[in-house]
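Hi,

Here is the structure I promised to pass on.

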Amino acid sequence: MNKKRIFGAALSLCAAMSMNAGIYTFKIANPTEGAKIEINWCATGETTKVDVQNGVATLNKSGFASQYVRVYYGRAYALNLYLEADKDLTVNCDAEARKFSCTGALADINNYMLQSPFASLDFNAAAKEESDFIKSSDSVYNANLALLKKANLPAGFAKKEQQRLLFKSYAMFPMYMSYHPYLKKMDSYTPTALYTDKLKQLAIIDGNCLEYAEYGDFIMNAILCQAFQGGDRSKEFMTYMDANVKDAKVKSYIANAYIYGAVSNGGLDGNDELIAYFHKNVSDQKLVEKFNAICKQWKGLKAGCPSPSFNAPDINGKMVSLESLKGKYVYIDVWATWCGPCRGELPYMTKLEEQYAGKDIHFVSLSCDSNKSAWEKRVQKGDMKGIQLHLGTNSDFMQKYIINGIPRFILLDREGKIVKADAPRPSDPQTTKLFDELLKK
């Protein structure tokens, strides 16, 4: 074959691939300004972001293996879908009404995914005794298999879906070891072979299963609940992983998920061994770059570094900045009215404020409520002391402090420099000890 024919064949192939590209459209009721559709491709770990214009986002994509995806749209929803490269799909999304429907060549599969009344166990199911809990878990799986059979979907998809449903249906199973003693108020609990044998049967170590997002969640919980024995968690995690997880793909996935979470939420202090373990077992360049970025960000939050600033209104609308509080120590509570643990700390915060009234320390509560009226209503009750400010969502302050969960407490010195970027809570006895030591200086 001469060069012209080779070139012509290549053009024909490209044209054919272009014609076979799938068109995936998302029609969004009441779109959020600036939010994008984010598609996580479960089999490859890639992420695709698509702009939303006038409530519509469209992706043309070809040349990928049929696979499950997770679709996110801001905080409004996360959807499980199944895409094939040469078949179109339109998803109509009404998050407020919690209604999702599909049209197009992939409609049957994805309407099944979005609309099936899948069975599941909740947190309280772990109060059951082992044999009853196992029976309940088995019943959930069988009920979900019945939904799949009733849907009468293509054999290739149905084979994959049966495997996905296994991990989806048994999602609560690994958590039984920690939830059961908590719910039953037991000082200690050791599961019998009836439970541990079933868990080992379910918790297969197979990197191919990572194409199911539910497997990643399941195997992560299964490994952690077996690894942690009440000692040094970092060492227990690494020891268990080296002894039991031989599949490099699974090991990389778990190492990245657990260690990135540990560093992202807790910072660098005391995590040197975990960080080294991450670099030993995770080689994906994008994951490494993301991890290095979070480590670099935490380095800027070490003791002695200048604190990121804020400027937020109080209950009367007066703007208060961090700079205006210099000259005293500043103890910051990042919280929200909808957060149970945050509300649980409020009485302890009040006691601290009373105990250190007139001392050289400001107590500042920064609300990240998106519903400002809910914050106003709570503050107007009058039982909260200190400086009450409304920070709102998506604040630069929260992003710079890597606040992924609340409540979060931060302690600054008189010059606005960081003493602790992740300070102890008001309910922790270490807090008063820390205050007393600082106020002596």
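Glu129 and Lys184 form a salt bridge, with their closest N and O atoms 3.9 Å apart; a salt bridge here means a side-chain nitrogen of Lys or Arg within 4 Å of a carboxyl oxygen of Asp or Glu. Glu129 sits in the loop between helix H2 (107-115) and helix H3 (130-151), and Lys184 in the loop between helix H5 (176-183) and helix H6 (193-202), so the pair ties together parts that are 55 residues apart in sequence. In total, the structure holds 15 salt bridges.

Before you go on: this is a predicted model, where local features need pLDDT of at least 70 and side-chain atom pairs count only at pLDDT 80 or more, while totals for chains, interfaces and linings use all residues. Residues are numbered from 1 along each chain as its sequence is written, and side-chain values use heavy atoms, with hydrogens and water left out.

Now the sheets. Helices (H or I, at least four residues) and strands (E, at least two) are DSSP runs numbered from the N terminus, and two strands pair if DSSP finds at least two bridges between them.

Thr25 stands opposite Thr90 in S7.

Another open sheet of four strands runs S3-S2-S5-S6, with antiparallel pairing. S2 (residues 37-41) is joined to S3 by four bridges, and the two run antiparallel. Across from Asn40, the bridge partner in S3 is Thr47.

Two backbone spots are worth a click. Most residues other than glycine have a negative phi, and most peptide bonds are trans. Asn30, in the loop between S1 and S2, has a positive phi near 50°. The peptide bond from Ile406 to Pro407 is cis, with omega near 5°, and Pro407 lies in the loop between helix H14 (396-400) and strand S14 (408-412).

Cheers
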